[in-house]
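User: I would like a close look at one part of this model. Please keep to the aromatic side chains.

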Amino acid sequence: MMGDYHVRFCERLGVKFPLSTRPQKPLACIKKMSTIEKIKQEIKKQNLEIVSGIESDFEFILWDLTEMDELNKGYEVQKYHDGHYAIGSSGGGEMLTVEFDTGIVYRIPFISTDNSEKIKVSDSITELTKLN
């Protein structure tokens, strides 16, 4: 933060710096934020609260949209399941996630530290409504 202050101060004095000197959000971060908003909008549009499989052994409660970001931070989803965004839980040992690149919905054990144990639930959030 202090470096940014110094760069702005020097620029006011007429010193020119290359753009790479200025702190900027990486494009990947901006894309991820946009994808998260799309995920939340789709959940709201589909009016999803609970997802349960008729022929499957799972039931998931979707987290409140206003709490999802904080829960993802708390469960360190980005650290252990990079490329995924958690949207709910089984109330026990699994979280429900959406993969950023594909939109595919997976269930992943909370105790897992990578994506090797993920199980595909549906091709998209929209498809989740067909499971109920």
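Which residues form one aromatic cluster?

Analyst: This is a predicted model. The aromatic cluster is made up of W63, Y75 and F110. Across the whole structure, a search turns up three aromatic pairs.

Take W63 and Y75 to begin. Their ring centres are 5.8 Å apart and their planes meet at 15°, so this pair is stacked; the cut-off for stacking is under 30 degrees. The pair links distant parts of the chain, 12 residues apart. W63 is in the loop between strand 2 (59–62) and helix 3 (68–74). Y75 is in the loop between helix 3 and helix 4 (77–80).

Y75 is partly exposed, at 39% relative accessibility.

Next, Y75 and F110. Here the ring centres are 4.6 Å apart. The planes are at 40°, so the pair counts as tilted. F110 sits in the loop between strand 5 (105–109) and strand 6 (119–122), and Y75 in the loop between helix 3 and helix 4, so the contact ties together parts 35 residues apart in sequence. F110 has 22% relative accessibility and counts as partly exposed.

Put together, Y75 pairs with W63 and also with F110.

K118 lies over the face of Y106, 4.4 Å from the ring centre.

Methods. Residues numbered from 1 in each chain as written. Predicted model: local features only at pLDDT ≥ 70, side-chain atom pairs only at ≥ 80, totals over all residues. Heavy atoms only, no water. Phe/Tyr/Trp six-rings, centres within 6.5 Å; stacked < 30°, edge-to-face > 60°. Helix = DSSP H or I, 4+ residues; strand = E, 2+ residues; numbered from the N terminus. Buried < 20%, exposed > 50% of the residue type's maximum accessible area, 1.4 Å probe, protein only. Lys NZ or Arg CZ within 6 Å of the ring centre and 35° of its normal.
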